[in-house]
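Let's take a friendly walk through a structure together. Keep the sequence and the 3D view side by side as you read.

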Amino acid sequence: MIAEIGAFAAALALALSFAQGALGIFAATNETRGAAAAATAQAAGFACLVAFACLITLFVQSDFSVASVAANSHVDKPLIYKIAGTWGNHEGSMLLWCLVSAVFGAVLGSTRGGQSFGLWSRAVGVQGWVTAGALIYTLFLSNPFARLDPAPMSGSGLNPLLQDPALAAHPPLLYLGYVGMSVPFSLAIAALLEGRADQSWAKALRPWTLIAWTCLTLGIGLGSYWAYYELGWGGWWFWDPVENASFMPWLVAAALVHSAIVTERRGSLASWTILLAIMGFGLALLGTFLVRSGVLTSVHAFAVDPQRGMAVLVMLSVALGVGFALYAWRAPKLATPSGFAAVSRESMLVWNNFGLAVAAGVVLIGTLYPLLVEAAGGGLISVGPPFFNMTVAPLLAVLFLLLPLGPMLTWRVGDMRSAFLKLAPAAVLAVLTLAIALFNTQWRAAPALGLALGVWLIIGGLIYLWNRLQRGAGRLTAKIALLPLAVWSMSLAHIGAGVLTLGAVAETGFRTERAVELAPGEGVAFAGRRVTLIEVGEIEGPNYAATRANFRVDTTSGAQPLAAERRYFTTSPMPTTEVGILSAIDGDLYVALGERVRDGNGAWGVRLYHNPLAHFIFIGVVMMALGGALSLLAIARRRKAAT
Amino acid sequence: MSLAALLIAAIAPTVLADPAQEARARSLESEIRCVQCENEPIAQSTADIAADMRALVRERIAAGDTDTEIRSFFRQRYGDFVLFRPPFDTRTWALWAAPFLLIGAGLAAVLTGRRRPSAAGAEIAPEEGER
């Protein structure tokens, strides 16, 4: 019965979304009917919530008469992973997509702020169409509530690699990010329909972009962290098409966060901000399409089940077609306000957008190119890490080289000379880092430049904070307390980018690894430590059996225990690795357990990695996400103070 | 596939004596795609075939082949798909040109699109928390 209630609620949400779309767009001049659109949006959000709650209940109850539960769940799974299983599969994740879109629509409908009535009403309407599109796809092509007859006795379980706390949170965060980009899209379409994109419009757009960007940052970071500790070979970014699919909207969201600041404060760049918002949502849809259609392995895999892929492709074409057509028609008519000098805060933000947008374009072409070649009959080719490292990394490096200058320049007309002088200490330290790194790495230029860039970003960010604290009179502690939250948030995000750069470069450029065979009691010297295998035993988990190896790691400051496991799930033939990670200031000691060596007198294969500064990668990501969250808090506070 | 065999193969690769050769082997192994598990380079894959391919890389290096020779060796054996670094030919020149075209287009847009500051009425909204 619960499945039927869920399906009914989802169908109801679809009807409500249509009403929301029609009312919002066609009644934008009538305050009563326009307000009804907002109320309908809230009802649609509630209906989606009911549908999703029903699906969670089905997963918790392990109701195997429901096809999506039978295919993806198992009675033996711990409760938390039964719940996470709701969105850990195609059908459930699509319903989550609808839920997020509908709830965002409801929130958009209840926060008009300073926007004009027509603009706000139309944005609520467009969001209604977005939700309706997602619901049509979900209900007709991937219905999570479809019944199975006869019902199987047991489910086929979830991929054991995915039974992991980081991966339980990864999809919802990514979806908040992807679908979060739908609200800037709705606002952009509304602005084009209305023929106006002013500062209050940008003010409404910015928090949504920040939510999307922050969630994407956290979601991608979690996925990367999961790959780092779960896949067992120390990597954290592979330029895999699925990763690229989430990286492209991230880059565009980052650009949008910055261009919206210019539009909000100066009114400039409005039409570019609109274009970015349209492209950002387009890339988010493309990401869903790439991941969900199977097109990535091969154009032929797509042809096996073309319906779902085609449907997303149709949605993508409609969204982009409508968006670009409206843009071409209306954008030239938007008012263009005062300009800015070649050296100014605005122009630095334009270069920021240039770098991020070109990077997103390169990732897009690199990701789609193999599909194009295959479709054109050119056979299978691969575009992998070497291509992206050669193209995207230098682009981001130039972007990061300019980054610390941006906040140092004033709006409208800036003074580059004084910005340079203030940043001189950062430049000196960066050059020093470069020299030391070059000298110590036998003149390997790329990682040395990368480290110098990281130092430049971090020190540059700190100098900006210090300069802000010099303003005004009073004690330093008092001034620290008074420093606006927006300054903290920006500094935190920019310094986080530097920390991430340091970690990424150090891990990629200076990782050491070693494969050894150890019998219990034996030890090996590695990366300034001594790693000793103490014992290997069998343990029982909730729904798996594991081989667990206990190690002792001796450093100059004492001994620490470390354990690594191989887990065998009954539902999967392949064992999974649970690596042991011991973080120290200089980086992670990373131990993966292999198999028992045949005729090795009880010896086990063990892979040791030393990943210098690997923890900086994830600290950097968290700092950037915190920066985004603080910025949201700053906006919320300012709104509260204004009312 | 036999797990024990593949893990032993993964765990104990032949390490080349010359550190420069070993570094070359490592970097080549991260550029060659495992033909079994897809989206994974042979450097990280635990499949049997990946271990064989790694051994092959090391064999060719020990025999004195250059990186380019080794790449084309794998390309002839397994097709273009096996190389994560796409070759430069009639099919892929557009891919390699794309970053330059995008940069050019972006530069053109930035340089022609900017409006000079007008003397009149440039109002700057106050920064957050700063009013």
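This is a predicted model: local features need pLDDT of at least 70, side-chain atom pairs count only at pLDDT 80 or more; totals for chains, interfaces and linings use all residues.

The crossing of α14(A) past α5(B) is right-handed.

Which residues meet here? On the α14(A) side they include A:Val350, A:Phe354, A:Ile365 and A:Tyr369, and on the α5(B) side they include B:Leu95, B:Leu102, B:Ile103 and B:Val110. Glycines take part too, among them A:Gly361 and A:Gly366 from α14(A), and B:Gly106 from α5(B). Sorted by class, this contact has 13 nonpolar residues, three polar ones and no charged ones.

While you are looking at chain B, take in the rest of that chain. Chain B has five helices and zero strands, so its elements read α-α-α-α-α from the N terminus on. Of the 131 residues in chain B, 25% are buried. Now consider the contacts in chain B between residues at least 6 apart in sequence: 49% of them join residues at least 24 apart.

Back in chain A, look for another pair of helices: α17, residues 416–440, and α18, residues 445–470. Their axes come within 8 Å and cross at roughly 160°. That value also falls in the range over 145 degrees, and therefore α17(A) and α18(A) are roughly antiparallel to each other. The crossing of α17(A) past α18(A) is right-handed. From α17(A), the contact includes A:Leu423, A:Ala427, A:Leu434 and A:Leu438, while α18(A) contributes residues including A:Leu451, A:Val455, A:Trp456 and A:Ile459. By class, the contact of α17(A) with α18(A) has 19 nonpolar, three polar and one charged residues.

Next, zoom in on one residue. Is A:Leu283 buried or exposed? This leucine sits in helix α11 of chain A, which spans residues 270–293. A:Leu283 counts as buried because 27 C-beta neighbours lie inside 10 Å, and 20 or more are enough for that label. Leaving aside neighbours within four places in sequence, A:Leu283 is in contact with A:Met248, A:Pro249 and A:Val252. A:Leu320 is 37 residues away from A:Leu283 along the chain, yet their C-alpha atoms are separated by 9.7 Å.

Finally, turn to the strands. Chain A has an open sheet of five strands, in the order β2-β3-β4-β5-β6, with antiparallel pairing. The edge strands are β2 (523–526) and β6 (576–578), each of which pairs on one side only. From one strand to the next, the twist averages 25°. In general, the strands of a sheet pair through backbone hydrogen bonds.

How many bridges join strand β4 to strand β5 in chain A? Twelve bridges link β4 (residues 544–555) to β5 (residues 558–569), and the two strands run antiparallel. They form a hairpin with two residues between them. You can trace the pairing by finding A:Ala546 opposite A:Arg567, and A:Val553 opposite A:Gln560. On to the next pair: three bridges join β5(A) to β6(A), which run antiparallel, and there A:Glu565 stands opposite A:Glu578.

Notes. Residues are numbered from 1 along each chain as its sequence is written. Chains are lettered from A and ligands numbered from 1 in the order in which they are written. Two strands pair if DSSP finds at least two bridges between them. Helices (H or I, at least four residues) and strands (E, at least two) are DSSP runs, numbered from the N terminus. Axes are lines fitted to C-alpha atoms, for helices over the stretch in contact, and angles run from 0 to 180 degrees between N-to-C directions. A crossing is left-handed if the near helix is turned anticlockwise from the far one by less than a right angle, and right-handed if clockwise. Two residues are in contact if their C-beta atoms, placed from the backbone, lie within 7 Å. Ala, Val, Leu, Ile, Met, Phe, Trp, Tyr, Cys and Pro count as nonpolar, Asp, Glu, Lys and Arg as charged, and the others, Gly among them, as polar. A residue is buried if 20 or more other C-beta atoms lie within 10 Å of its own, exposed if 12 or fewer, and partly exposed in between; C-beta atoms are placed from the backbone. Angles under 35 degrees count as roughly parallel, over 145 as roughly antiparallel, 65 to 115 as roughly perpendicular and the rest as oblique.
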